[in-house]
Amino acid sequence: MDTAPVGPDAFAERWTGVLVSTGYVALDRATLVGRVRGLTDVVYAALAAPEPDTAAVEKVGTALVELSLTGAATLAASVRLFGELLSGPHLPALQGALTSGFVAAQQERIFRDQEAIRRAALEARRGVEAALLASEARFRAMFTQAAIGIVITDAVGTLLEVNSAFAAMFGYPEAELVGMSAADLRFPDEPAAMREPFAEMVAGERDHYRMERLLKRADGTGLWVDQSVSLVRDENGAPRFMVGMMEDITERHSLEERLRHQANHDPLTGLGNRALFSERLAAAFALGEENRVGVCYLDLDGFKVINDSLGHDVGDELLVAVAARLDALVTAPNRLVARMGGDEFVVLVEQSTGRDELVDLAERILAALAEPVSIGGHRLSVSASIGVVERPVAGTSPAETMRDADVTLYWAKADGKNRWADYDPDRNAREVARFTLSARMPAAVESEEFYVDYQPIVRLADGSLVGVEALVRWAHPEFGRLGPDQFIGLAEETGLIVPIGRWVLREAAGQARRWRDAYGCRAPRVSVNLAARQTEEPTLVADVGTILAAADIPANAIQLELTESAIMETTGKPLAALHGLADLGVRIAIDDFGTGYSNLAYLRHLPVHAIKLAGSFMEGLRGIPAADPADSQIVTSLVSLAHVLGLEVIAEGVEEPQQADRLGAIGCDSAQGWLYAKPGPPEEIERWLDATADVTAGR
């Protein structure tokens, strides 16, 4: 939980002083302190929340504008006060939220002023002489007294009239601005795309545009403005005047840049941090499949000994010295060096030329780090272990690249340190999958390293929870949390899927019992995956019956899922096992339906109760223009055929509301996917059930 060095009362008093010194509020001091104390409570609550409540802090920024505290100095001073008196990882996000809310409220206020001016101008043109004079008077008062810059140009952008705020903003006398072209105020090398809205307005193709852009002051310095321009047409509809309103946002833009820099850079070394590295790595993958990327992931050898023996201050200075050497060595176009945390650094080569470039870079890094460093009277030598990954972006992802770099770094340390190791997929497959995972897997069941997450299955007709899918996870003591894709295949190859599958079914049945005790008939049906290898076990039916009896739940409370390819190949004993399970009352479902070679004529003779449409079909059901009519037609046909056979249809991989709406319209019965929830612990399902009960009780 985040903390703050000062209490809310002291903070409110300091904040009130800042507001009074940077603006004027028509309230007495005691009343203003009370108002500010309320805003302080919102900020402290957001600071202490597990996740930053930026929406609440944005309203604090809005409240400042509503108090008529609209000056840039008020915002800058408030943000500085936050940084001085508050602390915690949420602080940058809350500073940004305060700025965002303040600016949004200020912009809304400006927009209302602009609309008033525009209406006044139109009234002046359309009204009778008396109305024209009155409108002109109102417009003139607003024009001259407005705190924001206002300019009127002719139809091609020649400045006809400016107010004093506009002239002060750009540093010109008002008389000198009249007759200038709007093009004279552009900043050099402005992108051509920024000029397109203006050209469209000159051509009469646009009536309004709004943007933030960099313009040029009289002294040549940059001026960031929030610019809003409206077109005034003559009685024939042709462009006649343009009215522009501009707010100086230079200070706010500089503040945002500083906050952005703080969010993306390591405060100790000044290098990019994990967030910046992840952003640049993702951008490198987005350049195109023909691009190549390279990563050198390095960890200092023996840094903990230096930290523990000489102190953290010396350790920090050593990290700064290492960072400086890496920065000097690596800095070049398309390269980035970042600190990932602790004594880990990473170098990204965004458009690598091949493995040789990364190997040469790794060797030069080792050579540069080998030179001793003098810190606090100590002459320290440091080495590093480096994991090298170089590959085309096609066929992989940023997450996989960093995972492989991490594994390769582990190899370099295991091979003796002070060296680099190149990624070898064969070695990775052998060492990680075969020797480590398979050796650990038998004991993992006994030591309760496996656990089960549950993902909701929701009825599309009313959004109610009708079931959950039990999904096994492995909390591996060395490699951390492993998804089923990282060990289920190996378990099937080694035959360990049988005891694991039996354990998962036992856990799921026990959880189903607990939900029935707590929620009665509202308890969800639990789906459990059944591997093809399990159907070959002669004791499968007996094992399932024993587990159901031990949990004291009806057989139809459990649904066993087999993949389409597995269930369509069942013959002999496996087919007899399926019939035996169905005779017990257990429901059978086909998982990933549509990805194999469905023989519907054969399907009708199998003891199947439901099919689960493969998530790949959901891509084609996204909102227009991403929708694929072929996928929609396939899903429609599959749902129709399944219903003819009396089967329930469940859609997997639903991530967007448009997909759920289209599935409901097609007639699909239920759905699961990230739209509703990611797989999680039983408590997440119980919160869902409790919320549903609350809604029902409130009706």
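Modeller: Helix H13 passes helix H14 in a right-handed crossing. Helices (H or I, at least four residues) and strands (E, at least two) are DSSP runs, numbered from the N terminus. This is a predicted model: local features need pLDDT of at least 70, side-chain atom pairs count only at pLDDT 80 or more, and totals for chains, interfaces and linings use all residues. Residues are numbered from 1 along each chain as its sequence is written, and side-chain values use heavy atoms, leaving out hydrogens and water.

Now the pair itself. H13 covers residues 312-330 and H14 covers residues 355-370. They pack at an angle of about 140°, and their axes are 10 Å apart. Axes are lines fitted to C-alpha atoms, for helices over the stretch in contact, and angles run from 0 to 180 degrees between N-to-C directions. The two helices are therefore oblique to each other. Angles under 35 degrees count as roughly parallel, over 145 as roughly antiparallel, 65 to 115 as roughly perpendicular, and the rest as oblique.

Which residues meet? H13 brings Val 322, Arg 325, Leu 326, Leu 329 and Val 330. H14 answers with Leu 361, Arg 364, Ile 365, Ala 368 and Leu 369. Contact means heavy atoms within 4.5 Å. An α-helix has 3.6 residues a turn, so residues three or four places apart point the same way.

Next, the sheet. Five strands form an open sheet in the order S7-S8-S6-S11-S12, with mixed pairing. Two strands pair if DSSP finds at least two bridges between them. The edges are strand S7 (335-341) and strand S12 (420-422), and each pairs on one side only. Neighbouring strands here are turned by 20° against each other on average, direction ignored.

Look inside the sheet. Strand S6 (residues 292-301) and strand S8 (residues 344-349) are antiparallel partners over six bridges. Val 295 stands opposite Leu 348 in S8.

Helices cover this sheet too. Helix H11 (residues 274-285) lies across S6, S7 and S8, and runs at about 140° to S7. Helix H15 (residues 398-414) also packs on the sheet. H15 touches S6, S7, S8, strand S11 (383-392) and S12. The direction of H15 makes about 145° with that of S11.

Terms used. A crossing is left-handed if the near helix is turned anticlockwise from the far one by less than a right angle, and right-handed if clockwise.
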